[in-house]
Amino acid sequence: MTLTYIFHSGFVLETEQSILVFDYWMDPSGVMDGVLRSEKPLYVFSSHFHEDHFTKEIFEWKKHKPNITYILSKDIYKHRRASKEDADVWLAKGGTWSNDSISVWALGSTDSGVSWIVETEDKAAIKREQSQACLDSAERKQARPKVKRFFHAGDLNNWYAKFLTDDNPDQERYSFEMEETFNPIAHEKQFLGELKDIRKVADSFDVVMFPIDGRVGNGYTLGARQFIERFKVGLFVPMHFTTGFESSWRMKEFTDEKNIPFWEITREGETKKI
């Protein structure tokens, strides 16, 4: 199983049976060229309509690859960025979908759209080995393929963490970057509430892809730190960084404290074995 960094919040996860693409936007190193040549089924996820997480270019891929499934957040359709027939699956928070290869849960966000929990397993293989009467229960358990669980945060984060250190954080502010009025404490409560909802589905992940965005300012790792305090994480993968790869490495200090492996991404197109 491998994970490849495309750009920004975009990743390719390749398993033995299928390939999953998350939040494709731009592809400076041509990662998708090889993906589209693969015979494996392809699942394409877009967490929300923002242009740095979704592009209509993904729909061109089905001209070259017939076994492709689009799983998109409903806000993309609501903002008229795509037609209803463009996606095979439309999900909002609380929605689920599954087939014989993957299971998907759409969770909440503190911005637009959703975050994703995805489990990969060979359900068909499980059924086959369960039907083999020659295997005893211990042998069947040992033969069963291990489920892998992944989390892609989309734009879920404690985005206004830097304002929590002000003298009066419980006041409404205006963000020129986001063009909206917000309350830092209310926003953090919303973020922590979303984490509670995620824990109702799962409390551990083999891989977590989470924003470490230096543009947030002081405390830009706070949301990620709050996440790893509440979940067991097998590998932490930073994303959504635009101020240089090294800025995301700031999080490694905190993952090291919890003995969580951290991927120090150094370039687009870099691949890591899981």
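Here is a chat about why parts of this predicted model get the labels they do.

User: Before we start, what are the ground rules for the numbers?

Analyst: This is a predicted model, so local features need pLDDT of at least 70 and side-chain atom pairs count only at pLDDT 80 or more, while totals for chains, interfaces and linings use all residues. Residues are numbered from 1 along each chain as its sequence is written, and side-chain values use heavy atoms, with hydrogens and water left out.

User: Why is His 53 called buried?

Analyst: Buried means under 20% relative accessible area, with exposed over 50% and partly exposed in between (1.4 Å probe, protein chains only). His 53 comes out at 0% relative accessibility, so it counts as buried. It sits in the loop between strand 4 (42-46) and strand 5 (68-73).

User: What makes the pair His 53 and Asp 23 a polar contact?

Analyst: A polar contact is a pair of N or O atoms within 3.5 Å; within protein, one must be able to donate a hydrogen and the other to accept it, and residues adjacent in sequence count only if both atoms are side-chain atoms. The side chains of His 53 and Asp 23 are joined at 2.6 Å, so the pair meets the 3.5 Å limit.

User: Which other residues is His 53 in contact with?

Analyst: Contact means heavy atoms within 4.5 Å. Leaving aside neighbours within four places in sequence, the list for His 53 includes His 8, Trp 25, Asp 155 and His 240.

User: How do you know that strand 1 pairs with strand 2?

Analyst: Strands (E, at least two residues) and helices (H or I, at least four) are DSSP runs, numbered from the N terminus. Two strands pair if DSSP finds at least two bridges between them. Strand 1 and strand 2 (residues 10-14) have five bridges, in the antiparallel sense, so they pair by that rule. Phe 7 stands opposite Gly 10 there, and in the two-residue link of the hairpin His 8 takes a positive phi near 60°.

User: What is on the other list of partners for strand 1?

Analyst: Strand 17 (residues 271-273), antiparallel, through three bridges; Leu 3 has Lys 272 as its bridge partner.

User: Why are strand 7 and strand 16 said to stand at the edges?

Analyst: The open sheet of six strands has the order 7-8-9-10-14-16, with mixed pairing. Strand 7 (96-98) and strand 16 (236-239) each have a single partner strand, so one side of each is left without a neighbour in the sheet. Strand 16 runs parallel to strand 14 (residues 207-211), joined by four bridges, with Met 239 as the bridge partner of Pro 211.
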